[in-house]
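Please read them with the model open beside you.

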Amino acid sequence: MMADEKRVLRLLKTARGQLDGIIKMVEDDRYCMDISTQVMATEAMLGRINKEILTAHLKHCVNTAESQAEREQKIDELVSMLGKIIK
């Protein structure tokens, strides 16, 4: 992975902490809207992490592909992933 590993790990650990907090909120029977707000915040964090990873893929993996065929394959992978994200 060519993304900034320290940054990605920090963000993932933050998201994990948010998930742990959401689990506790559910166990404590907290207000539904508060739980939903935290779920959305965690989803946003995961989206930022994925953006970081996909940006690194585009800037490094696609740019450094050794052949046009390999470059096209990597672009196709990225387009496929974006299709899954956007659906």
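1. Start with a cut-off. A residue counts as exposed when its relative accessible area is over 50%, as buried when that area is under 20%, and as partly exposed in between. The model is predicted, and the points below should be read with that in mind.

2. E5 is the case that needs the cut-off. This residue lies in helix α1. Its relative accessibility is 52%, so E5 counts as exposed.

3. Next, helix α1 itself. It has 23 residues. From its first C-alpha to its last it reaches 33 Å, close to the 33 Å expected at 1.5 Å a residue. Its buried residues are V8, L11, A15, Q18, I22 and M25. They pack against α2.

4. Helix α2 can be checked in the same way. Buried here are I35, T42, M45, I49, L54, A56, H57 and V62. These residues pack against both α1 and α3.

5. Which residues make up the largest nonpolar core? There are seven: A3, V8, L11, A15, M45, I49 and A56. Two elements each give two or more residues to this core, α1 (5–27) and α2 (32–62). In soluble globular proteins, nonpolar side chains tend to be buried together.

6. Neighbours within four places in sequence are left aside here. I49 is then in contact with V8, L11, L12 and A15.

7. Is H57 buried or exposed? H57 sits in helix α2. Its relative accessible area is 16%, so H57 is buried. Not counting residues up to four places away in sequence, H57 touches V62, K74, E77 and L78.

8. Last, the surface. M81, L82, I85 and I86 form a nonpolar patch there. Together they have about 370 Å² of accessible area. I85 belongs to helix α3, residues 68–86. At a relative accessible area of 45%, I85 is partly exposed.

Definitions and conventions:
Residues numbered from 1 in each chain as written. Predicted model: local features only at pLDDT ≥ 70, side-chain atom pairs only at ≥ 80, totals over all residues. Heavy atoms only, no water. Core = buried A, V, L, I, M, F, W, Y, C linked by side-chain atoms within 4.5 Å. Buried < 20%, exposed > 50% of the residue type's maximum accessible area, 1.4 Å probe, protein only. Helix = DSSP H or I, 4+ residues; strand = E, 2+ residues; numbered from the N terminus. Contact = heavy atoms within 4.5 Å. Patch = residues over 30% accessible without salt bridge, like charges linked within 9 Å, V, L, I, M, F, W, Y side chains within 5 Å. Areas by Shrake-Rupley, 256 points an atom, 1.4 Å probe, with all protein chains shown as cover. Salt bridge = Lys/Arg side-chain N within 4 Å of Asp/Glu carboxyl O. Expected span 1.5 Å × (residues − 1).
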